[in-house]
Amino acid sequence: MSSEIPYTVDVRPDTGLNNVKIGIWLFLASEVMLFGSFFASYILLRVGAAPGTWPEGASILNVPLAFVNTVVLITSSVTMVMAWASLKRKDLGKYKLYMGLTILCGVIFMVIKAVEYNSKFAHDPPLLPSSSTFLAIYFTMTGLHALHVVGGSVVNAYLWGPGAKLWKTDPEMFTNRVEAAGLFWHLVDLIWIFLFPVLYLL
């Protein structure tokens, strides 16, 4: 009796999608609702704040560093697509290159984010979540997003390393898994594209 979990990449006739795509899209929908609730809370808190008490993000946060991180994440989305496209062209070597670059971008993003957080903690007086409502929602939203970057990077690293062994035995299944990981990574990128202007520029 096989101990493997049943898995198929066949397209379902009722939805036109395979099971992995249905699963990842449902998961992404839940993520959109999660972050959507945070964005809605941000808007309500900002609109309800007393005049003159809500700071402009640029007066507290480091806009240049955040801009660099935006470029890094957008670049990682491009390399993620190139990684998946390389598998479709049956080129595992280029897949490794582009997926490695995607992982590197994720690490660079987290290093920059750590520098930014550290500057807040080292500020005199420290800029902590308890310092103001704005900083509380800033740390909550960017911290949750950072956890998603870490999670996505771990999955990408697995697919770059030990998970790539699947390419030898079932390349279609492996390509399907990389595509699902890519969809998650694009959502992480998209969320940051909304976070950057809302928190840093407006």
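This is a predicted model: local features need pLDDT of at least 70, side-chain atom pairs count only at pLDDT 80 or more; totals for chains, interfaces and linings use all residues.
Visitor: Is phenylalanine 194 exposed, partly exposed or buried?
Guide: Its relative accessible area is 49%. Buried means under 20%, and exposed means over 50%. The value for phenylalanine 194 falls in between, so the residue is partly exposed.

Visitor: Which element gives the largest share of the nonpolar patch?
Guide: The surface patch is formed by Ile74, Val78, Leu190, Ile193 and Phe194, with about 440 Å² of accessible area together. Two elements give two or more residues to the patch: helix H3 (63-88) and helix H7 (171-201). The largest share is three residues, and it comes from H7.

Visitor: How are H3 and H7 oriented to each other, roughly parallel or roughly antiparallel?
Guide: The two helices pack with their axes 9 Å apart, at an angle of about 165 degrees. Their crossing is left-handed. Angles over 145 degrees count as roughly antiparallel. Therefore H3 and H7 are roughly antiparallel.

Visitor: What is the phi of lysine 90?
Guide: Lysine 90 lies in the loop between H3 and H4. It is exposed, because its relative accessible area is 62%. Most residues other than glycine have a negative phi. Lysine 90 has a positive phi, near 65 degrees.

Methods: Residues are numbered from 1 along each chain as its sequence is written. Side-chain values use heavy atoms; hydrogens and water are left out. Patches are made of residues with over 30% relative accessible area and no salt bridge: like charges are joined within 9 Å, nonpolar side chains (Val, Leu, Ile, Met, Phe, Trp, Tyr) within 5 Å. Accessible areas come from the Shrake-Rupley method with a 1.4 Å probe; for residues, only the protein chains shown count as cover. A salt bridge is a side-chain nitrogen of Lys or Arg within 4 Å of a carboxyl oxygen of Asp or Glu. Helices (H or I, at least four residues) and strands (E, at least two) are DSSP runs, numbered from the N terminus. Buried means under 20% relative accessible area, exposed over 50%, partly exposed in between (1.4 Å probe, protein chains only). Axes are lines fitted to C-alpha atoms, for helices over the stretch in contact, and angles run from 0 to 180 degrees between N-to-C directions. Angles under 35 degrees count as roughly parallel, over 145 as roughly antiparallel, 65 to 115 as roughly perpendicular and the rest as oblique. A crossing is left-handed if the near helix is turned anticlockwise from the far one by less than a right angle, and right-handed if clockwise.
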